[in-house]
Amino acid sequence: MVIIHENINEYLAADLHGELSEAEREELHTHLMECAECRGHYKEGQLTHRVLQTTLESAKPTLGFEQRMVASFRNRVLNKNPRLSGFLVNALRLRLIQAVSVAVVFFALVQMVRVLTGDTALNQSQTPLAFLAAPSSGSSYLTQVQPAGNEPAPRWNE
Amino acid sequence: MEPADHEMYRAAIHGDVEVFEMVIRKMSRALFAIAFGALENREEAEDVVQDAFVKAWKSRWQVRNPEKFPAWIAMIVRNRAHDILMRRRTVPLEEQFNEINSIQAQFWLADAERYQQVYAALATLPELYRSVIAQRYLEEMDYASIEQTLGLSNGALRGILGRALAAMRKRLKTNTEVFS
């Protein structure tokens, strides 16, 4: 009974909402007969319950509410290229694609920082495209197209 | 959660449009109650629910466990309603009530005073309490459904509803007009 007295608010609410078990309900009503303080709370609780019921009754959504929600969803989402957006959303569910996306964004950020700071200290051989500039033997593809030695590059107007 | 519901949420997460529309039909009233509990304005609450479904559709890939799907959408609604509420804080409470009264005057004229007092009392409660009260009284949802929607345990929900009703009781008690 001490437990009920200490938690009277929870018991009252659950009783008013019909959510007490038979045993709990019996315990509560036995306690109410013995405790005038809790009985007073119970009466006020019943009034509050009724006031809330009648007040919020009028705030219920109007007729056809669900249909309006569905129609709004169709207008705002499904009329905008559903195949492409559906494909993208489903693709994003895959962990592999999430990881690759993060890696691509990270790589792009690193490149952007390099361009902005003018960082040229990094050795060319460390770049991902180094194999184009430094093949194992002979001249590379890039050195073939560049002018040899210290000769100045030909000018277009000559 | 029943297996049929689990399957429905799983299909909705995987992009089945028809199933997602079933979810909208099933959940929209509960979500409206949450939004209305926070905002106490029917039009704004409807807008919030609409926005929440669009956002849920676009970012459904974030949900891994279908059982958490209802609570996840409810969280979107609560966050969106909270954002609107924060933006609205600058408008005096009295003006808000006047606005409500002018819009819904035809329904509320007779009991305008009582409504105003009840809503003023509701407005002083924490957002979660208002959402729970709105779900219980607006949609007459049972405890199990509210627990599922808000991701609460039975003990937590009982505690919240108990404290919420007690707080309302104390606030309305000072107003003899409401209790008469």
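In chain B, 68% of the contacts with a separation of 6 or more are between residues 24 or more positions apart; a contact here means two C-beta atoms, placed from the backbone, that lie within 7 Å. For chain A, the share of such contacts that comes from residues 24 or more positions apart is 38%.

Before going further, some ground rules. This is a predicted model, where local features need pLDDT of at least 70, side-chain atom pairs count only at pLDDT 80 or more, and totals for chains, interfaces and linings use all residues. Residues are numbered from 1 along each chain as its sequence is written, while chains are lettered from A and ligands numbered from 1 in the order in which they are written.

So what are the chains made of? Chain B has eleven helices and zero strands, and chain A has nine helices and zero strands. Helices (H or I, at least four residues) and strands (E, at least two) are DSSP runs, numbered from the N terminus. Here are the two chains set out together:

| Chain | Length | Buried share | Mean pLDDT | Residues with pLDDT at least 70 |
|---|---|---|---|---|
| A | 158 residues | 15% | 77 | 67% |
| B | 180 residues | 39% | 82 | 83% |

A residue is called buried if 20 or more other C-beta atoms lie within 10 Å of its own, exposed if 12 or fewer, and partly exposed in between. The pLDDT is the predictor's confidence in each residue, from 0 to 100.

Another stretch under 50 is residues 103-110 of chain B, with four contacts beyond four places in sequence. For the complex, the predictor gives an ipTM of 0.71 and a pTM of 0.62.

### The core and helix α2 of chain B

The largest nonpolar core has 65 residues, and those with the most contacts inside it include Leu31(B), Phe36(B) and Val77(B). Its largest share, 13 residues, comes from helix α2 (residues 17-39) of chain B. A nonpolar core is a set of buried Ala, Val, Leu, Ile, Met, Phe, Trp, Tyr and Cys residues joined through C-beta atoms within 7 Å. Leaving out residues up to four places away in sequence, Leu31(B) touches Val49(B), Ala52(B), Ile73(B), Ala74(B) and Val77(B).

That helix isn't straight: α2(B) bends by about 50° at Met27(B), the bend being the angle between axes fitted to the seven residues ending there and the seven starting there. Just after α2(B), Glu40(B) takes a positive phi of about 55°.

### Where the chains touch

How many residues of each chain are in contact with the other? Chain B puts in 43 and chain A 34. Elements of chain B that give two or more residues to its side include α2, α3 and α7 (112-123). The largest share of that side, eleven residues, comes from α10(B). By type, the side of chain B that touches chain A has 25 nonpolar, five polar and 13 charged residues. Here Ala, Val, Leu, Ile, Met, Phe, Trp, Tyr, Cys and Pro count as nonpolar, Asp, Glu, Lys and Arg as charged, and the others, Gly among them, as polar.
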